[in-house]
Amino acid sequence: MRQDEFYIKLTLELAAKGKGRVSPNPLVGSVLVKNGKIIGAGFHEFYGGPHAEINAMRNAIEEVAGSTLYVNLEPCSHHGKTPPCVDAIIEKGITKVIIGTLDNNPLVSGQGVKKLVQHGIEVRVGVLEKECMELNRFFFKYIQKKTPYVTLKVAQTLDGKIADINSQSEWITSQASRTEVHRMRAEYDAVIIGVNTAIVDNPSLTVRHIEGRNPLRVILDSRLRLPFQTDLLEANPEKNTCIVTLQKNKTKVRKIARYQKMGADVIFVPPDENGHVSVKHALKALGKKGILSVMVEGGSAVFSTFLKEKVVDEVSVFINPRILGNGIPAFANVNVDSIKNAHKWRIRSTERFSDDILLNLRKAE
């Protein structure tokens, strides 16, 4: 048991190397063990590329027949971008497969295990299952709900302000925290802001402090107020800006055409009860585009709306130990009337970046 856990931990470490590169596929790592030693290892490196099991076999330093294959996620049994991994496992004569967790994709779930067993291969499932499900939480939610996993990223003062009374927020948190935010951006398929944040801050929402891919940049803009003279449109060589607006704005043909000419995608959704872009419909629309994960970066009204609509899976709060007193609260429009009715979260982990503390929160059960 301990040996199996040791090797599954290695598969998780390998799988994590694919963050920001394999979506909409899951993160998968694989290790081959024979006669008590590792003879091969690999991970899914990029979308459309060979799967982890195949890379482990290709990297093997000796014949893999008779070996044990460890993998954090059930091997696929269907044809996708690549042939089924279970076929290669069977063909190569691997005699035992240890799996962290089943794949909840209906095309795979249980079918990979079934086929391996039918061919006389010993299979064990459920080693470090919680850890394996945690690593692929974006993928699992998307497969189940067809909507992205949602994380709110908040940078605030000790007294909960995300900007001063003049709407200035540069810089509440440290350079170390901002570098961590760029690392996080590279792992998410998209980042979301409201149009007010776009107008006031003119953010780039790109990955600059580290190496990594730029996410899709999504602006919630109920009245199509996003200026043409903004970095989100003018500094858009990858054509990865998306404006989500109301269906009634389809009549603004010239403005929409100019946005599109500047490389922006424009999505139309119904309004919520307040006449603004419905975040639930926005998430469904992004899901249809194959977006598995989004990080919401502001501002206060957007944070509040996502929270009130109960579509948030995780909150990452960077807290700097300074006090403003006056300023813009992170959740100005939540308007809960009592402690009893407060939105409840639990602390999953804490980290320190210079003088800042990062609280990673999950929904309280």
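Hi everyone, this is a short tour of the side-chain contacts in this structure. A word on the ground rules: this is a predicted model, where local features need pLDDT of at least 70 and side-chain atom pairs count only at pLDDT 80 or more, while totals for chains, interfaces and linings use all residues. Residues are numbered from 1 along each chain as its sequence is written, and side-chain values use heavy atoms, leaving out hydrogens and water.

Let's begin with the cores. A nonpolar core here is a set of buried Ala, Val, Leu, Ile, Met, Phe, Trp, Tyr and Cys residues joined through side-chain atoms within 4.5 Å. Buried means under 20% relative accessible area, exposed means over 50%, and partly exposed is in between, with a 1.4 Å probe and protein chains only. The largest core has 34 residues, and among those with the most contacts inside it are Ile 192, Leu 220, Val 244 and Phe 306. Helix 11, residues 279-288, gives this core its largest share, five residues. Helices (H or I, at least four residues) and strands (E, at least two) are DSSP runs, numbered from the N terminus.

Have a look at Leu 220 on your screen. Leaving aside residues up to four places away in sequence, Leu 220 touches a list of residues including Ile 192, Val 244, Ala 282 and Phe 306; contact means heavy atoms within 4.5 Å. There is also a second, separate core of 28 residues, which includes Leu 32, Cys 76, Ala 88 and Phe 140.

How many disulfides does a search of the whole structure find? It finds zero, a disulfide being a pair of cysteine sulfur atoms within 2.5 Å. For Cys 76, the closest cysteine sulfur is in Cys 85 at 3.7 Å, which is too far for a bond. For Cys 132, the closest is again in Cys 85, at 16 Å, also too far. Cys 76 is buried at 8% relative accessibility, and Cys 132 is buried at 1%.

Now the charges. Side chains of opposite charge can pair when their charged atoms come close. We count a salt bridge when a side-chain nitrogen of Lys or Arg is within 4 Å of a carboxyl oxygen of Asp or Glu, and the structure holds 19 of them. In one of them, Glu 134 meets Arg 348, with the closest N and O atoms 2.8 Å apart. That pair links helix 5 to strand 15, 214 residues apart. Arg 348 is partly exposed, at 39%.

Another salt bridge joins Lys 153 and Glu 297, at 3.6 Å between the closest N and O atoms. Lys 153 is in strand 6 and Glu 297 in strand 12, so this pair ties together parts 144 residues apart in sequence. Lys 153 is buried at 9%, and Glu 297 is buried at 14%.

Last, the rings. Rings of Phe, Tyr and Trp (its six-membered ring) pair if their centres lie within 6.5 Å, with planes under 30 degrees apart called stacked, over 60 edge-to-face and the rest tilted. The count comes to eight aromatic pairs. Phe 228 and Tyr 259 make a tilted one, 5.0 Å centre to centre with 45° between the planes, and both residues are buried.
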